[in-house]
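Here is a friendly briefing to read alongside the sequence and the 3D view. Keep both open and look up each residue as you go.

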Amino acid sequence: MNARDTNARLVIAIDGPSGSGKSSVSKEVARRFGLAYLDTGAMYRAVTWWCLESGVDLDDAAAVVAATRSVPLEMGTDPDEERILVAGQDVRAAIRGDRVTDHVSAVSTTVPAREVLVRMQREIIRESGNRIVAEGRDITTVVAPDADVRILLTASEAARMARRGRQLGAAASSNLEAQVVGRDAKDSTVVNFTSAQDGVHLLDSSELTMEQTVQGVIDLVIRDTDTAHDGAAEAPDDTGAAAPEEARQP
Ligand SMILES: Nc1ncnc2c1ncn2[C@@H]1O[C@H](COP(=O)(O)OP(=O)(O)O)[C@@H](O)[C@H]1O
Ligand SMILES: Nc1ccn([C@H]2C[C@H](O)[C@@H](COP(=O)(O)OP(=O)(O)O)O2)c(=O)n1
């Protein structure tokens, strides 16, 4: 397999905690390789918005699951044009607001609702012709454990909080810590996105710029896809590819 082959399958799975840079980095990597892009967090957010909008009690697991099964959600996968419609309504801004952010873990910790979303996400990956960057919390482990490249993107809590604060600017909530660290703690009760499983690369972006992080992912993609092509267990380090992920840990 060669990452530059525009016909070959190339599924890149990226997980990580809030503010680690998954969305921005994944989108850019998708652009550079000409791949589709799937923001699975936006799907959890869209379902949460739909529940709030239609008066579903988020403490009622059965009602949340029923709403997840019936949500009229349209997810775009163009990295250059975000498209998220619920019942025909553009919800891109609404799903990033405090109301959804403060309630989204009610959906993401409802295990049968996750199963419904995981099926939808696998379908979207298939429909992309298996040429996609998918990011979230359980892509490397549950949604696409067979992905060609699997990465856990991390950053220190301080870096993640600072990034989210800068990203939200004046709209940042006084509750930012709860929204970042508290939400990760809740979400961690149902999925593991804090330690890299076997075969998953760990990329720590705390001390990296955006461009360096994007390049780090690209290096891993080239490394892994060349390895698969060569049939070798370990890629030689003379390809100009990234240093092993261990070297990137603090
Ligand atoms: N390596 C990085 N260095 C500096 N800022 C970054 C880096 N990666 C991401 N960011 C910024 O941090 C913010 C949060 O990134 P985002 O992609 O939304 O994270 P996530 O999807 O993991 O929650 C964005 O404004 C993004 O531009
Ligand atoms: N594959 C996924 C993706 C997101 N989630 C959950 C975890 C988060 O609380 C919400 C929203 O995800 P999102 O990636 O938008 O979160 P951030 O705002 O980047 O922190 O969904 C999940 O449980 N599994």
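Helix H1 gives the most to the shell around ligand 1, with 4 residues. Helices here are DSSP runs of H or I with at least four residues, strands are runs of E with at least two, and both are numbered from the N terminus. This is a predicted model, in which local features need pLDDT of at least 70, side-chain atom pairs count only at pLDDT 80 or more, and totals for chains, interfaces and linings use all residues. Residues are numbered from 1 along each chain as its sequence is written, while chains are lettered from A and ligands numbered from 1 in the order in which they are written.

**Around the two ligands**

- Ligand 1 is surrounded by 17 residues, and the closest are Gly-21, Lys-22, Ser-23, Arg-163 and Gln-167; a residue is near a molecule if its C-beta atom, placed from the backbone, lies within 6 Å of it.
- Two or more residues of this shell come from each of helix H1 (22-33), helix H7 (157-168) and helix H9 (210-230).
- By class, the shell around ligand 1 holds 3 nonpolar, 11 polar and 3 charged residues. Here Ala, Val, Leu, Ile, Met, Phe, Trp, Tyr, Cys and Pro count as nonpolar, Asp, Glu, Lys and Arg as charged, and the others, Gly among them, as polar.
- Around ligand 2 there are 15 residues, with Ser-18, Gly-41, Tyr-44, Ser-108 and Gly-136 coming nearest.
- Helix H2 (40-53) supplies the largest share of the shell around ligand 2, 5 residues, and that shell has 4 nonpolar, 6 polar and 5 charged residues by class.

**A closer look at H1**

- H1 has 12 residues and reaches 16 Å from its first C-alpha to its last, close to the 16 Å expected at 1.5 Å a residue; the expected span is 1.5 Å times one less than the number of residues.
- Its buried residues are Lys-22, Val-25, Ser-26, Glu-28, Val-29, Ala-30 and Phe-33. Buried means that 20 or more other C-beta atoms lie within 10 Å of a residue's own, with C-beta atoms placed from the backbone.
- After H1 comes Gly-34, whose phi is positive, near 70°.

- Which residues of S7 lie on each side? Val-149, Ile-151 and Leu-153 are on one side and Arg-150, Leu-152 and Thr-154 on the other, and all are buried.
- In a regular strand, side chains alternate between the two faces of the sheet.
- Strand S1 (residues 10-15) pairs with S7 in the parallel sense over 4 bridges; strands pair if DSSP finds at least two bridges between them. Asp-15 has Leu-152 as its bridge partner in S7.
- S7 also pairs in the parallel sense with strand S8 (residues 201-204), over 4 bridges, and Leu-153 stands opposite Leu-203 in S8.

**Nonpolar cores**

- The largest nonpolar core has 35 residues, and Ile-12, Val-29 and Ile-151 are among those with the most contacts inside it. A nonpolar core is a set of buried Ala, Val, Leu, Ile, Met, Phe, Trp, Tyr and Cys residues joined through C-beta atoms within 7 Å.
- H9 contributes the largest share of this core, 6 residues.
- A second, separate core of 22 residues includes Trp-49, Val-71, Ala-106 and Val-107.

- An open sheet of 3 strands runs in the order S3-S4-S5, with antiparallel pairing.
- Its edge strands are S3 (73-75) and S5 (89-90), each pairing on one side only.

Technical notes. Buried ≥ 20, exposed ≤ 12 C-beta atoms within 10 Å, placed from the backbone.
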